[in-house]
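I opened this notebook to record what I looked up on pockets and helix packing. The entries follow the order in which I consulted the model.

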Amino acid sequence: MKQPKKSASVKKPGKTSQSVPVYLLAGVLLFVLVAFYSSIKNGFTNWDDPSLITENPLIKELSLTNLKRIFTENYFGNYQPLHLFSYALEYHFFGLNPEGYHMVSIMMHLVNTILVFYVVRFFTQENNMAALSGALLWAINPMRTESVCWAAERKDMLYAMFFFMAMLSYLKYVSSIKMKSRQELILLIAAFLFFTLSVFSKAMAVSLIPVLLLIDYYYKRKPDFRLFAEKIPFALLAVLMGLRSVSAASAEGSVDTSGNYTILDRLFFASQNLLMYAIKSIFPFSQSAFYDYPEKAGNFLPYSYYISGFVIVLISGYLISRIFKNRELVFICGYFIATVFLVLMILPVGPTIFNERYTYVPSVMIFAGTMNFLFNEKRFANFNRNILMACIILTAILYAYKTNE
């Protein structure tokens with residue numbers, strides 16, 4: 001994502017200048033497999049696993065009746081038909097043997113690691129070592145544990161897989177426009193189809209729409225009628241799925257209607273969550289499976305929430321001032337905010353205020369930006385690459401150790 005000089009144009013996405021080092025990518029996948037392999041021996045938990053898997057009548061028979069119910073009814077406060085369908089397929093092959101479910105989760109995470117490699121590669125000027133490093137640190141990060149090792153959280157990896165496929169299709173579409181390729185319509189349709197599969201896996205996939213607009217911004221597409229018209233199918237589907245998801249959560253009682261927290265409190269929740277999601281994506285400290293809502297002293301939240309709000313205002317002001325001067329920074333921050341916005345608890349849903357699994361998609365661009373800075377900035381032109389790679393490998397080992405704690 002290195003920014004060109006004013007007289008230069010942004011490098012066209014999708015143009016391949018180097019061959020992909022297959023053996024190195026295989027090494028990354030092996031490292032990730034070893035780190036998460038022990039989770040195959042995990043059993044089912046008593047958190048959501050009974051409702052979604054072990055006691056779910058919809059997955060225990062691949063019948064037309066069950067398939068119709070999976071794709072037409074809300075279940076467990078959500079409308080996520082592909083998520084449930086994946087369990088139905090697994091139940092057909094594995095029954096209630098948890099090893100099969102955990103094995104599929106690991107395999108899906110490995111597929112996503114490959115996709116993340118290509119996503120990062122687009123935004124690091126096709127630097128293979130930067131992309132490999134970014135994919136490795138993203139995949140091995142302890143913040144991935146909840147998504148990969150908890151059977152009931154399959155939806156994170158499922159929606160992410162199609163989300164990344166849609167991103168890659170759209171990046172190639174943007175490239176085909178610049179090259180006047182005849183394949184551009186096919187690529188745009190592919191992006192929409194992958195988006196559809198993603199939102200049918202988890203409603204958070206609607207965040208792809210602002211990401212597509214950010215890609216347009218980064219690659220300096222002219223904001224004409226075509227740019228917005230091509231997003232209409234995405235927007236219509238997002239609105240329909242959003243309404244369906246809010247309705248399902250409300251019917252289940254997942255949305256907090258107690259009135260214990262004001263809208264201003266929720267904005268401070270969002271501020272602290274936004275900072276913590278970003279910081280813990282790199283430094284996964286004090287991890288927990290359950291983050292409770294804060295207790296108020298009178299009408300006041302703990303002081304850290306107000307400090308976070310002030311920091312977010314400062315960062316927002318800086319980003320606005322750089323909107324036409326540093327597209328890379330604005331894109332990275334915009335991508336992160338867009339993909340995590342729906343779970344910042346402005347609308348409180350569920351019993352926890354913070355969930356580590358929500359970093360699965362947002363943290364990708366943090367690693368892309370970090371690797372681009374380390375590998376491409378001129379200030380590091382004379383930096384010893386062997387030392388840099390040693391630091392990255394050491395970080396990966398520390399991540400893997402913490403993941404297996």
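**Basis.** I worked from a predicted model, in which local features need pLDDT of at least 70 and side-chain atom pairs count only at pLDDT 80 or more, while totals for chains, interfaces and linings use all residues. Residues are numbered from 1 along each chain as its sequence is written, and side-chain values use heavy atoms, with hydrogens and water left out.

**Entry 1, largest pocket.** I looked up the volume of the largest pocket and found about 1200 Å³. A pocket here is an open set of points on a 1 Å grid over the protein atoms alone, where a 1.4 Å probe fits, with protein on both sides within 12 Å along at least five of seven lines; lining residues have an atom within 4 Å of a point. The volume is the space filled by probe spheres set on the points, which are joined across faces, edges and corners. I noted 40 lining residues, with Asn-78, Ala-249, Val-349, Gly-350 and Tyr-358 nearest the centre of the largest pocket. Helix α12 (residues 232–252) supplies the largest share of this lining, 7 residues; helices are DSSP runs (H or I, at least four residues), numbered from the N terminus. I sorted the lining by class into 24 nonpolar, 9 polar and 7 charged residues. In this scheme Ala, Val, Leu, Ile, Met, Phe, Trp, Tyr, Cys and Pro are nonpolar, Asp, Glu, Lys and Arg are charged, and the others, Gly among them, are polar.

I recorded about 850 Å³ for the second largest pocket. Its lining has 32 residues, and Ile-315, Leu-319, Ile-332, Cys-333 and Ile-337 lie nearest its centre. The elements giving two or more residues to this lining are α13 (263–282), α14 (303–321), α15 (327–340) and α16 (364–376). I found that α15 gives the largest share, 8 residues. The lining divides into 22 nonpolar, 7 polar and 3 charged residues.

I looked up the packing of α3 (residues 64–72) on α4 (residues 81–94) and read an angle of about 150°, with the axes 8 Å apart. Axes are lines fitted to C-alpha atoms, for helices over the stretch in contact, and angles run from 0 to 180 degrees between N-to-C directions. The angle makes α3 roughly antiparallel to α4 (the cut-off for that term is over 145 degrees). The contact (heavy atoms within 4.5 Å) joins Leu-67, Ile-70 and Phe-71 of α3 to Pro-81, Leu-82, Leu-84, Phe-85 and Ala-88 of α4. By class, this contact has 8 nonpolar, no polar and no charged residues.

For α6 (residues 128–140) and α17 (residues 385–403) I noted an angle of about 15° and axes 9 Å apart. The two helices are therefore roughly parallel to each other (under 35 degrees). On the α6 side I listed Met-129, Ser-133, Leu-136, Leu-137 and Ile-140, and on the α17 side Met-389, Ile-392, Thr-395, Ala-396, Tyr-399, Ala-400 and Thr-403. I counted this contact by class as 9 nonpolar, 3 polar and no charged residues.

I read an angle of about 145° for α1 (residues 22–36) and α5 (residues 98–122), with their axes 10 Å apart.

How values were computed. Parallel < 35°, antiparallel > 145°, perpendicular 65-115°, else oblique.
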